[in-house]
Amino acid sequence: MTRVLVIDDEPQILRALRRSLEAQDYDVATAEGGEEGLALAAAHTPNLVVLDLGLPDLDGTEVIRRLRSWTDVPVIVLSVREGRADKIEALDAGADDYVTKPFDMEELLARMRAALRRTDDDLASEPEIRYGDLRVDFGRRLVRLGDDLVHLTPNEYGLLEAMVTNPGKLLTHQWLLRKVWGLGYGNESHYLHVYVRQLRQKLGDDAAMPRFIITEPGVGYRWSPDASTASVS
Amino acid sequence: MKKVLASRPVSRGSALAVGAVAPAAAVGIALALGSRNLAAATSLALLAVVVAGAVAGRGSGIVASFLSFLGLNFFFTEPHHTLAVRHASDVVALVAFLLSALIVGALVSRVREERSRAERRATEARLLNTATERFISSEPLGGILDGLAEALLGLFGLASAEISTPIGVGTAATGDREITAGQTISIPLETGSGSFGDLTVVRAADEEAFSPPELGLLKTLAAQTALAIERAALDGEVREARLQVEASALRAALFSSVTHDLRTPLSSIKASASGLLAEGAHYSEEERRDVLRTVVEEADHLNLIVGNLLDLARIRAGALVPSKQPMLIDEVIGSVLQRMRRSLEHVAVRTTIRPELPRVDADPIQIGQVLTNIIENAIRFSPRGSEIQIAAARWRSVVQVRVTDQGPGIPLEDRERVFEEFYRRDAGAGRGGTGLGLAIARAVVVAHGGTIQASAAPGGGTAVIFELPITKEDQHPDRPATVPGSVTT
């Protein structure tokens, strides 16, 4: 059974989450503080952590940093803080996703499934990945849309690869820039604006009605979490 | 310093000069005409006296009278070139001339003085009027006081003037650098109810001292200024008091409206949930889901209200400071539509985004809120199955976003009011809003240096249009943002 650790200081939220997650056949452990949560994470090695940022003893971002010092377990932040800076800080500390309270349980479950699927199949080691009629051949660095070859520049390809291998994950501007352009980058959001626009154009995607690349305004991008269409061949 | 006003008294030196030059000119002209005719010369001399009196005042007229008398005697009465007079008739003529010259000179100079007094009074009145008007107007006080000081400078030929009051300071000084300060006078600005500062005027060292009439005028001006300042202060207090009354009325309205808005969804959540729990309740699976769906929808609505109230509180507290960055509006539209997909189930959404839309300088989260509120509003007035259209295009130096619905539209007279806090339109069958969505949208757009308005959509319905300034680097349409290594295909 998949083990989920929920760290939140609100008993009502813990109770609601426990009920809903157990109803989805997850094995749920709960903690009301950061230290307790870290201890539980070490003891139970959960498959996924759901974490509130406003904890009484430790800030949630600090909990993420400490977790990341020894584990890659997916962390989904669940917080009332909806400011851009809070989101970026938590994500750059190593969170996989960010859901704001009040949240929709279905939404949270979908994000959890996407995060768990990423740990299950290591997409980057696959020779090819498919999203509907889009195929990315990692070995030959070839991208096809239906029967047509999509011509991408090296940076466009790098961006696409970074996204398709992390479906559903909220990738911050800084993360993407470092991944594609290198460590010296991080504040050049306009590079991303230009490249994402070009990439969307070539993939026939529409920023206002996205099919592949979903925008988290001011924070980053997310490859469509609708991974049910994804298949590895 | 150029004397701006003609009514400043001519200095004694120049008065004497005019008194001397005028008769000399008259005598010269009479001699040049080759005439030894005493009658003609007398007329010219009288003219000279009139001119001197009119131009340079009483003293000048008297000087001109005596000089003319001597000139006529010397040049035009026999024996010529002596002051002796041969004929008794010439003596009579000369004395008669002198008397009439003195009288005419006095009359003329009196007229002149009257006129200059009238002019001066008119100037004073004008100055006082402008000062009072400007005090009552909403101009910044510093500017008004500066203007007043500037006017005093011209009126009195001052080196500098300073009006120092508790509500601001106005100063003016001549541009001449080499003026040494001479007489300095400080007059308190006082009214019956207190003191409102000082008026300090400084005349250059080489200018004459202030005359008693000038001092009188300065005192009058000081008193008027004090009154005007007092009135301005009172006006401010009255305005403040009125604002407070309005604010407390608004608070009361806000309180009752918020109470109602919060209670309604809360009541329906509580009723739905407790109904499910109630003993002996029989629900079919479908009914149960329906009740639970109501709970979720009402909770969403409650969340919207709380979000709007928080935004309103931020606006009121001046805490709505956009954290601007270059962003693409189509990305924000996409993210908002994604988040709102559940509320958009009963309408069709069409987006028309111009390709290569330039970036705008904005806070993506706040602009997302603006779009959410506008679309929320459009949904509320959209008949089931109708279409909401979202378009974005460049227009000169802004990007214009237009959200159009196919609802009943807004009458012309209400198109401005929909952006007021707590203004609500009848949503018909749909649920009422909080009356805050569009007000918040406007506050945010305005904080971004943009504009927002509602207009009639072609074929009925409403179009809400807002504009945001384009990022500086993207303002030239032929130079899209470029990136090293970028290959455009």
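This is a predicted model: local features need pLDDT of at least 70, side-chain atom pairs count only at pLDDT 80 or more; totals for chains, interfaces and linings use all residues.
The backbone of His81(B) has a positive phi of about 60°, although the residue is not a glycine. Its place in chain B is the loop between α3 and α4. That loop, between α3 (58-76) and α4 (88-136) of chain B, also holds Pro79(B). Glu78(B) and Pro79(B) are joined by a cis peptide bond, with omega about -5°. Most residues other than glycine have a negative phi, and most peptide bonds are trans.

Thr45(A), which is not a glycine, has a positive phi of about 35°. This threonine is located in the loop between α2 (34-44) and β3 (48-51) of chain A. With 11 other C-beta atoms within 10 Å, Thr45(A) is exposed. A cis peptide bond is also present in chain A, where it joins Lys101(A) and Pro102(A) with an omega of about -5°. Pro102(A) belongs to the loop between β5 (97-100) and α5 (105-120) of chain A.

The strands of chain A are considered next. Strand β1 (residues 3-7) of chain A has four buried residues out of five, so the strand is largely enclosed by the rest of the structure. For this assignment, a residue is buried if 20 or more other C-beta atoms lie within 10 Å of its own. β1(A) runs parallel to strand β2 (residues 27-31) of chain A, and five bridges join the two. Within this pair, Thr30(A) in β2(A) stands opposite Val6(A).

Chain A also has an open sheet of three strands, in the order β10-β12-β11, with antiparallel pairing. The edges of this sheet are formed by β10 (170-172) and β11 (213-216) of chain A; each has a single partner strand, so one side of each is left without a neighbour in the sheet. On average, neighbouring strands of the sheet are turned by 30° against each other, direction ignored. Four bridges connect β11(A) with strand β12 (residues 220-223) of chain A in the antiparallel sense. Ile214(A) has Arg222(A), in β12(A), as its bridge partner.

A sheet is likewise found in chain B. It is open and has five strands in the order β6-β8-β9-β11-β10, with mixed pairing. Its edge strands are β6 and β10 (451-456) of chain B, each of which pairs on one side only. Neighbouring strands are turned by 15° against each other on average, direction ignored. β10(B) and strand β11 (residues 462-469) of chain B run antiparallel and are joined by six bridges. Among the paired residues, Ala456(B) has Thr462(B) in β11(B) as its bridge partner.

Helix packing was examined in chain A. Two packed helices are described by the angle between their axes and the distance between the axes. Helix α6 (residues 154-164) of chain A packs with helix α7 (residues 173-180) of chain A at an angle of about 125°, and the axes are 9 Å apart. This angle makes α6(A) oblique to α7(A), and the crossing of the two helices is right-handed. On the α6(A) side, the residues involved are Asn155(A), Gly158(A), Leu159(A) and Ala162(A), which meet Leu176(A), Lys179(A) and Val180(A) in α7(A). By class, this contact has four nonpolar, two polar and one charged residues.

The final feature is the contact between the chains. In chain B, 27 residues are in contact with 20 residues of chain A. Several elements of chain B each supply at least two residues of the side that touches chain A, namely α7 (285-316), β5 (325-327), α8 (329-339), β6 (348-353) and α9 (364-380). The most is given by α8(B), with eight residues. By class, the residues on this side of chain B divide into 13 nonpolar, eleven polar and three charged.

Methods: Residues are numbered from 1 along each chain as its sequence is written. Chains are lettered from A and ligands numbered from 1 in the order in which they are written. Axes are lines fitted to C-alpha atoms, for helices over the stretch in contact, and angles run from 0 to 180 degrees between N-to-C directions. Angles under 35 degrees count as roughly parallel, over 145 as roughly antiparallel, 65 to 115 as roughly perpendicular and the rest as oblique. A crossing is left-handed if the near helix is turned anticlockwise from the far one by less than a right angle, and right-handed if clockwise. Two residues are in contact if their C-beta atoms, placed from the backbone, lie within 7 Å. Ala, Val, Leu, Ile, Met, Phe, Trp, Tyr, Cys and Pro count as nonpolar, Asp, Glu, Lys and Arg as charged, and the others, Gly among them, as polar. A residue is buried if 20 or more other C-beta atoms lie within 10 Å of its own, exposed if 12 or fewer, and partly exposed in between; C-beta atoms are placed from the backbone. Two strands pair if DSSP finds at least two bridges between them.
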